[in-house]
Amino acid sequence: MRPFIPRLRELLLPSQVGIGIPLACEAAVHATRYFMDQPHSENVLLKLDVKNVFNSIRRDTVLQEAQKHLPETHPFVWDYYSSKTTCFHGNGSLDSATGVQQGDPLGPALVALAIHEVTSKVTADLNVLYLNDRCVSGDPQTVLGKATTIRIGLFSLDLEINVSKFLNHTITNKHQASKLFQDQFPSISTTEPSH
């Protein structure tokens, strides 16, 4: 992976910080915390992720993006992901036809490339993406629109978005904002900031 890091970083930044950025997870957490501690008017923070992406990503998409962006790796990726693999457990076996293999050093980069077209289209006041986990902040209507855009884009890749948390940070009408998100994402939980 080392020779491809500069190319991947150039392609994936600023929408993806999970590939080739040392201490990116820590930086993302601190940036989010700093942003939310600033005085904003009527902002919410939405945390979402791609549900089970490493096991669910379509291999045809992985192969296509590898060929396009990492052509030197394509023969290896093709050999590894162009057909079903058999996983053995005890006396049983299971065919695996989707996702990237656990432990594959290319796995995170392949997933990031496969979802890049969808994830790169979303911009916001705060927009932090680390592999498949994303935080988006801004006014409620804008953030809801961004989440809907991501959901539709991922659905086209046979992936599902998991909108897990909604932070009412500086909202005056917290109940109305919560209802707005719960209408679109019924399983969402609303949390208050803790200081």
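Let's start with Phe76. Phe76 is partly exposed, because its relative accessibility is 45%. On the terms: buried is under 20% relative accessible area, exposed is over 50%, and partly exposed is in between, using a 1.4 Å probe and protein chains only. Keep in mind that this is a predicted model: local features need pLDDT of at least 70, side-chain atom pairs count only at pLDDT 80 or more, and totals for chains, interfaces and linings use all residues. Residues are numbered from 1 along each chain as its sequence is written, and side-chain values use heavy atoms, with hydrogens and water left out.

Where does Phe76 sit? Phe76 is in helix 5, residues 74-81, and Tyr80 is in helix 5 too. The two are four residues apart, about one turn of the helix. Helices here are DSSP runs of H or I with at least four residues, strands are runs of E with at least two, and both are numbered from the N terminus.

Now the rings. How many aromatic pairs does the structure hold? Two. Phe76 and Tyr80 make a stacked pair, 5.6 Å centre to centre, with 15 degrees between the planes. The rule covers rings of Phe, Tyr and Trp (its six-membered ring): centres within 6.5 Å make a pair, planes under 30 degrees apart are stacked, over 60 edge-to-face, and the rest tilted.

Tyr80 counts as partly exposed, at 35% relative accessibility. Tyr80 also pairs with Tyr81: the ring centres are 5.0 Å apart and the planes stand at 90 degrees, so this pair is edge-to-face. Is Tyr81 buried or exposed? Buried, because its relative accessibility is 2%. Put together, ring pairs link Phe76, Tyr80 and Tyr81 into a cluster.

Next, Ser15. Find Ser15 in the loop between helix 1 (5-12) and helix 2 (24-37). Ser15 counts as buried, at 6% relative accessibility. What does Ser15 touch? Leaving out residues up to four places away in sequence, Ser15 touches His116, Thr119, Ser120, Leu129 and Arg134. Contact here means heavy atoms within 4.5 Å.

On to charges. Side chains of opposite charge can pair when their charged atoms come close. For a salt bridge, a side-chain nitrogen of Lys or Arg must be within 4 Å of a carboxyl oxygen of Asp or Glu. The count by this rule is six salt bridges.

Take Glu160 and Lys51. They form a salt bridge, and their closest N and O atoms are 3.1 Å apart. Glu160 is in the loop between helix 7 (140-155) and strand 6 (161-168), and Lys51 is in the loop between strand 1 (44-50) and helix 3 (53-56), so the pair ties together parts that are 109 residues apart in sequence. Glu160 is partly exposed at 46%. Lys51 is partly exposed at 38%.

Then Arg58 and Asp60. Their side chains meet in a salt bridge, 3.0 Å from N to O. Arg58 is partly exposed, with a relative accessible area of 24%. Asp60 is partly exposed as well, at 44%. Which residues form a network of salt bridges with them? Arg58, Asp60 and Asp158 are linked in that network.

Last pair: Lys179 and Asp183. The salt bridge between their side chains is 3.3 Å, N to O. Both residues lie in helix 8 (residues 174-184), four residues apart, about one turn of the helix. Lys179 counts as partly exposed, at 43%. Asp183 counts as exposed, because its relative accessibility is 51%.
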